[in-house]
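Subject: Structure handover

Hello,

Here is the structure I promised to pass on. My notes on what I found follow below it.

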Amino acid sequence: MRAVWLKEFGEPQVLVAGEAPDPEPGPGQVLIEVAFANITFVETQFRRNGFGPFRIEPPVIPGNGVGGVISRVGEGVDPGLAGRRVVSSLGGHGGYAERAVADAAMVVEVPEGLELDDAVALLADGRTAVMLTHGAGLRPGERVLVEAAGGGVGSLLVQLANNAGALVVAAAGGDRKLELAWEIGAEFTVDYRKPDWADRVREAVGGVDVVFDAVGGDVGGAAFELVERGGRMVTFGAASGAPTEIAEELAAERGVSVGWGIGGTPQELRGFAVTALAEAAAGRLRPVIGQRFPLARAAEAHAAIESRDTIGKTLLEVA
């Protein structure tokens with residue numbers, strides 16, 4: 001089968017298309033004929049230096065999320081799953097390929113009426129966005145600041161916060177991303193690359209009640225200063241290269257809850273993905289697929305993400 005290999009850590013060009021043996025589903029597993037593979041920012045970090053939640057050493061076929069049709073099932077798996085459209089996480093590797101093996105207990109069937117590419121775009125980012133909004137406990141009328149609002153997770157957070165009745169402030173870099181955030185429900189947009197961005201937010205809405213912090217560094221620090229007493233700051237990324245560092249004493253003095261927003265059991269994470277797909281099938285959540293690349297051009301896809309020029313979600317088209 002066709003696949004993309006990571007044989008050493010480094011720049012995007014270390015991703016090389018080639019051949020790989022067809023995987024075989026073992027007990028409790030299914031074989032998926034992959035149509036689309038999901039790319040996350042974390043995968044670009046893993047490719048560069050091995051950073052990520054999974055400890056995997058090259059040579060390896062990268063990719064943690066795919067969507068396609070189940071063609072075969074392993075021992076102990078309901079044969080009725082064959083032929084179903086599904087999305088699934090893979091445990092950290094194996095996604096950039098024509099076929100992938102997944103744990104049958106973790107696959108999520110794509111609801112009727114939802115396109116497969118949209119479902120793949122929601123697998124990781126939708127799961128994350130639903131998890132974050134659930135953990136933050138958004139309430140109608142709250143002012144919510146979404147960093148990196150033009151990205152895959154950020155664009156979904158804007159919609160979910162808007163659906164919850166919040167006033168959404170979208171922070172992103174560049175006009176294209178700000179226009180997207182406005183189109184999907186943000187009431188105020190601001191370019192966080194400009195030095196006065198936090199002042200503009202304060203002038204527009206006063207402080208904020210909730211921050212979804214994907215950027216970290218100086219942007220995260222400035223966002224924390226906007227949170228009013230009793231507010232929450234939920235961190236889930238460090239796109240700037242450095243996490244937001246807020247001293248516990250300072251957070252307590254300000255009366256602000258600060259915490260890492262990602263985590264849960266495999267079953268809980270699957271449940272968040274199921275919710276994201278159901279919301280999309282009902283027309284309440286729309287993934288933004290900004291870029292598509294053929295499987296063999298995975299290196300270009302990684303380079304595009306790292307350049308900060310992408311909007312929304314980036315997918316690999318396999319089939």
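**Overall picture**

Of the 319 residues in the chain, 55% are buried, where buried means under 20% relative accessible area, exposed means over 50%, and partly exposed is in between (1.4 Å probe, protein chains only). Please note that this is a predicted model: local features need pLDDT of at least 70, side-chain atom pairs count only at pLDDT 80 or more, and totals for chains, interfaces and linings use all residues. Residues are numbered from 1 along each chain as its sequence is written, and side-chain values use heavy atoms, with hydrogens and water left out.

The chain has nine helices and 15 strands. These elements are DSSP runs, numbered from the N terminus: helices are H or I with at least four residues, strands are E with at least two. The radius of gyration is 20 Å, close to the 20 Å from the globule rule for 319 residues, so the chain is as compact as a globular protein of that length. That radius is taken over C-alpha atoms, and the rule is 2.2 Å times the number of residues to the power 0.38. Along the principal axes, the C-alpha atoms fill a box of roughly 60 × 40 × 35 Å.

Contact means heavy atoms within 4.5 Å. Among contacts in the chain with a separation of 6 or more, 69% are between residues 24 or more positions apart.

The chain exposes about 13800 Å², and carbon and sulfur atoms supply 51% of that. Areas come from the Shrake-Rupley method with a 1.4 Å probe; for residues, only the protein chains shown count as cover.

On charge, there are 28 positive and 43 negative, and their mean positions are 2 Å apart. Lys and Arg count as positive, Asp and Glu as negative; His and the chain ends are not counted. Each charge is placed at NZ of Lys, CZ of Arg, CG of Asp or CD of Glu.

**Two cores**

In soluble globular proteins, nonpolar side chains tend to be buried together. A nonpolar core here is a set of buried Ala, Val, Leu, Ile, Met, Phe, Trp, Tyr and Cys residues joined through side-chain atoms within 4.5 Å.

The largest such core has 47 residues. Val87, Val144, Val146, Leu157, Val158 and Phe212 have the most contacts inside it. Elements that give two or more residues to this core include β3 (29-39), β8 (143-147), α3 (152-163) and β11 (208-213). Helix α2 (116-136) is also one of them, and α2 gives the most, with 10 residues. A second, separate core has 38 residues, including Ile39, Phe46, Ile70 and Ile305.

Leu157 is in contact with Ala129, Leu132, Thr133, Val146, Phe212 and Phe236, leaving aside neighbours within four places in sequence.

**Helix α9 and what follows**

Which residues of helix α9 (residues 298-306) are buried? They are Ala298, Ala299, Ala301, His302, Ala304 and Ile305. These buried residues pack against β1 (2-6), β2 (15-19), β3, α1 (41-49), β14 (289-294) and β15 (313-317).

Arg308 sits in the loop between α9 and β15. Its phi is near 70°, a positive value in a residue other than glycine. Arg308 is partly exposed, at 41% relative accessibility.

**Other backbone points**

Pro58 and Pro59 are joined by a cis peptide bond, with omega about 0°. Pro59 lies in the loop between α1 and β4 (65-73).

Ala148 has a positive phi of about 50°, although it is not a glycine. Ala148 is in the loop between β8 and α3. Its relative accessible area is 22%, so Ala148 is partly exposed.

The contacts below do not count residues up to four places away in sequence.

- Arg85 lies in strand β5 (residues 85-89) and is partly exposed, at 29% relative accessible area. Among the residues it touches are Gly68, Val108, Glu112 and Leu116. Arg85 and Leu116 are 31 residues apart in sequence and 7.5 Å apart in space, C-alpha to C-alpha.
- Asp117 is in helix α2. Asp117 counts as buried, at 15% relative accessibility, and touches Phe36, Ile289, Arg292 and Leu315.
- Thr189 is in strand β10 (residues 188-191). Thr189 is buried, at 19% relative accessible area, and touches Ala170, Leu178, Ala181, Trp182 and Arg200.

Best regards
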